[in-house]
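Hello,

Here is the structure I promised to pass along. My notes follow below it.

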Amino acid sequence: MSVTRRLERLKLEEKIAKLARVHEHLLPGVIDMDMINKHVYEQGPKGEAGRVAQEEGIDLGDVTALRLEYLRILKIDHLWVLPNLTKLQLNNNSIESIDNLHTLIHLKELDLSFNHIQVIENLEELSKLEILHLYQNHISCLENLENQKSLTLLSLGLNHIEDCESTILYLRRFRKLKSLNLAGNPMCGKEKFVDYVYAFLPDLVFFEYTMISKKDKELAKEIFREELSSLQSEEEKHLAEKLSAEQEAAEIELHSVAFVERLNSNQLFQAMFENDTDGQTLVKISEETKEFYETFCEEMTALCRELFQMGQEQHVLRKKEHDDFTNCVNEAKLKSQQESQKILEAFVEQQKNIKDQVGQMLNFLSSAEDDGESDNRSEIIAESAMVISNCVAEFDDLIQNTWRILMHNELSLTEQMEEVNSMLERDMSDMVNVMLEQALGYFVAMRSLQESFNEQLTEASHRYQTVIALDSDDAASISSQLREIMIDKESLSNALANSHEKHLLVIDTREDILMTRIKAWHEEVCENLQKREVARSRARVLEINRFLDLQRDEFEEMLASRPDDLILLMEVQAQEKGRGITILSSEVAEEEGDEREEEFQDQRGSDAYDEKAEASLEADNPFNREMNPLVQQSQSSHHSSGNILDE
């Protein structure tokens, strides 16, 4: 170490010691809400912005950086209240373990230097971490950083790491690592340690905060050329295996949708003999049995591939049918949406005219009262009562007619959806039955091949048993396992029977898996169709009622400013006309909405609206999406506050 760097290190240690003395009066503790709030405000905005923050408070969800240094913290806790933290400094404390950081998924920089940590752990969720400081702790092994693929700076100086080779090779996985500090660890004293780091970490730019020259890298690579070449070959092989496994997993996932995964190879045939030691032994007794085995393998594999191809074709047909169904449903919903928009546009326009008339009359009454026209007030009140009563009746008719039209539109869409869903269920059922029948035929053919193979193997095995019984030389040359099978006819028959049963069991198991999965898929599709339609229709009905109830409430609020004598006169006029028109209270409006909903359900003549659909209304509310733009238009036109969909 150079003299300059030693001096810098001494100054740093002196500064740290001084700060430690300043905070030595603090008692060891745990991070709590008081500590968090105190330091958030201390480190928050200054000046006028700070004064506003003190008065209005700081939203902890907006805090992105926090320093909790020199506080003798023993345990990390309560940091879940800072979900958007990107920088956290907990250096120079008494922390012994890394805990309770899993909620800080946005964290990019973490400083845990100058603590008492022994194990690197519990950082799996911090996948965005780029800078990690663990300087001067008690760490003896570099581990548990597999998820930190974005790491660019790692400081592990002054720890207890001894194993040079495993540590440096572990760091090779971090392709973005540009700066590394390992100074002060026992492994740093090993011969050619620095060259080893330069050679095996080629992407490194700074080591112990000093830039690595290109020349030093080349010299280091030359020193460890053979080891480096061998390691690169192993890594390439491992990478190829990993990519192959990932590709295979992706193919299996793709094929599993068609329920024929792993049937495009001889995997099923291999599985038949995998746990069949007797069968593996018997197929090797002669060239004839080997030929039987190879022929059996070819024929079984060919059948599996035909089944695989059939499954893929059936999957394409099912997908096309489902896509056509989706397009048909979307078209029907779009048409219904457009019709509903036209209906509501007409409603909004008529509602605006009615409200304008009521507003003009109320303004006229107010201005007449201000002007002191008391002589003809009774005439003005009578005329206003007549006009406003007519407007109320007209508005009530408008609400009822709009509700009926919207409900009729929804009823038509529901009937269409039920018809289309029934068609899809029938078509899917036919397709599933076709695939099941064809698959059943393939599995019957596989069992037939197994029966034929078993007969051939049985005949050849008995002949072989007769030969070795007559020829002592052949009997002496066979393996111990084969000798146990061939000891007598009963043992041979048992071995052949066990082998045959194991093979049939593998075929039966694969058949059951295919049949069970496709039936379960079909049932799930049909059940989800019904659930989604019930939830959609239920949500649409409720939303229509909510929208119209809100319009009624706004109209009632507008009428609330009427003079008392005008209200009384309007009621008298309504009774004289026999209409009995009154303005519904919010409770009556709510009851009427329930009656309208029950009327719609009676029209459908269906009991599909069960309690289970209630829970999914808000999760998938198509009327919410379709009505929202028009609702906003209506609200902006009449200066109503809030979103009706949030009522």
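**The sheet and its edges**

Eight strands form an open sheet with mixed pairing, in the order E2-E4-E5-E6-E7-E8-E9-E10. Strands here are DSSP E runs of at least two residues, and helices are H or I runs of at least four, numbered from the N terminus; two strands pair if DSSP finds at least two bridges between them. Strand E2 (65–67) and strand E10 (210–211) stand at the edges with a single partner strand each, so one side of each has no neighbour in the sheet. Further in the list, E5 (residues 109–111) and E6 (residues 131–133) run parallel, joined by three bridges; Glu 109 has Ile 131 in E6 as its bridge partner.

Over residues 214–253 the chain is 98% helix and 0% strand, with end C-alpha atoms 46 Å apart.

This is a predicted model: local features need pLDDT of at least 70, side-chain atom pairs count only at pLDDT 80 or more, and totals for chains, interfaces and linings use all residues. Residues are numbered from 1 along each chain as its sequence is written, and side-chain values use heavy atoms, without hydrogens and water.

Best wishes
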